[in-house]
Amino acid sequence: MAEQLTVNDHIPIQLRTEALEQLLVERGLVDPAVMDGFIKTYESDVGPLNGATVVAKAWTDPEFKARLLEDGTSAVGELGFKGPQGEHIVVVENSDAVHNVVVCTLCSCYPWPLLGLPPSWYKDPSYRARVVKEPRTVLAEMGLDLDSATDVRVWDSSSEVRFFVLPQRPSGTEDLSEQQLAELVTRDAMVGVAEVSG
Amino acid sequence: MATMKPATGIADLGGDEGWGPAPVPDANEPVFAEDWEGRAFAMALLSMRLSGTNLDAFRHSMNVLDREQYFDDGYYGRWLYGAENLLMDSDIIAPGTVEARAVNMSGGTATEPAAPEPNKPDYAPTAAGSIRQLDAPQKFSVGDRVRAKAQQAPGHTRLQKYTQGHGGVVAMVQPAQVLPDSHAHFVAENAQWVYTVEFDSQELFGGQAESFTLLTDLYEDYLEGV
């Protein structure tokens, strides 16, 4: 340890985390292996690939897409995507006329079963504060310039409903397989701060 | 169990000024930038069970943080401080214990308070999750004009300050859910209908605001008819 602390010092967050874990493990309240399991789940198993699978299927299977827009929770459940922060999923579709973008101004609610844990930009105070007030400016700062005629719809997640954006399928991808399409779909497009490019 | 603490408002960021430009996304960022973030994440999830509380209480445990605790160590920093609050509120760990242990781990010397007698809230959920079956009729329907109440909640709430007092239109009726305001404090589940309300940006932020539509979920208690 670099520095010997006293109780009046600020405790660096890394040390603070280790201290809490040591206390809880020592008292038999927490099993480090259980913690490792949670971490591994969200590092390796549950991430944006799930959402990309949903999007590619919606792009290639009109009946699935209809079910997805009608009852998102049940449609993504068909593909096995469910779990914490996925109690009720609502899918909103981007088009030439409408661009949807999702935020949680009060914390950082996010559809974990489809996208995993939120990226740092989603948790950033600037994004949380500003995308509900000046979304066109914020999206432009993030690299997405929208036509002034586009209807922008900002969804602020404040209940246990989780919103998920179905991006537009890029032109020139008619010959791609579902698998190839899924590889094009990015996390940021499924939150609505980017578009999918072909 | 601790008494109801008022929110500091620290988490209610919507519409705030002064935060600078939005970050440019990094497609390749790791899920946890540093190891401690994953440990804090996992302990925070476990802290709800250990403290006998719930997700709304966890959210509130972050809404009572001071500015440094909320922002200085980012998202998982506030999760860690929130988890500690839950554990202290239910007397799983005594105040000062984590700091004393950290001092001792750093090579310093501090007396650690003894482990207290746990005092968890007298509370059990009626079902898993937050969605509930509700027989009560919906007070509002799609297309109804409504207003978000202007109200200072005594404790937890999900009613953002930027919507308060503003009028909108019900766009969707969502499943009934437990009311975070009472559930966070173990008073009652108070399950009720939730409405996605659509607001015009210029109704929220004035005539000079960018033109767009804001949609957010408001619990029935947050709304009044217009």
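Let's start in chain B of this predicted model, with helix H5, residues 97-105: seven of its nine residues are buried, so the helix is largely enclosed by the rest of the structure. The buried ones are B:Thr97, B:Val98, B:Glu99, B:Ala100, B:Arg101, B:Ala102 and B:Val103. Here, "buried" is a matter of counting neighbours: a residue qualifies if 20 or more other C-beta atoms lie within 10 Å of its own. What do the buried residues of H5(B) pack against? They meet helix H1 (13-26) of chain A, along with helix H4 (74-89) of chain B. Just past the end of H5(B), B:Gly107 adopts a positive phi of about 100°.

Now zoom out to the whole of chain B. It has seven helices and five strands, and along the sequence these follow the pattern α-α-α-α-α-β-β-α-β-α-β-β. Its C-alpha atoms fill a box of roughly 65 × 45 × 30 Å along the principal axes. Of the chain's 226 residues, 44% count as buried. If you take the contacts in chain B between residues at least 6 apart in sequence, 68% of them join residues at least 24 apart.

Seven strands make up an open sheet with mixed pairing, in the order S2(A)-S3(A)-S4(B)-S3(B)-S2(B)-S1(B)-S5(B). At its edges sit S2 (98-103) of chain A and S5 (223-225) of chain B, each pairing on one side only. From one strand to the next, the twist averages 35°. At the chain A end, S2(A) runs parallel to S3(A) (residues 151-156), and six bridges join the two. One bridge to look for pairs A:Val101 with A:Val154 in S3(A).

Definitions and conventions. Residues numbered from 1 in each chain as written. Chains lettered and ligands numbered in written order. Predicted model: local features only at pLDDT ≥ 70, side-chain atom pairs only at ≥ 80, totals over all residues. Pairing = 2+ DSSP bridges. Helix = DSSP H or I, 4+ residues; strand = E, 2+ residues; numbered from the N terminus. Axes fitted to C-alpha atoms, helices over the stretch in contact; angles between N-to-C directions. Buried ≥ 20, exposed ≤ 12 C-beta atoms within 10 Å, placed from the backbone. Contact = placed C-beta atoms within 7 Å.
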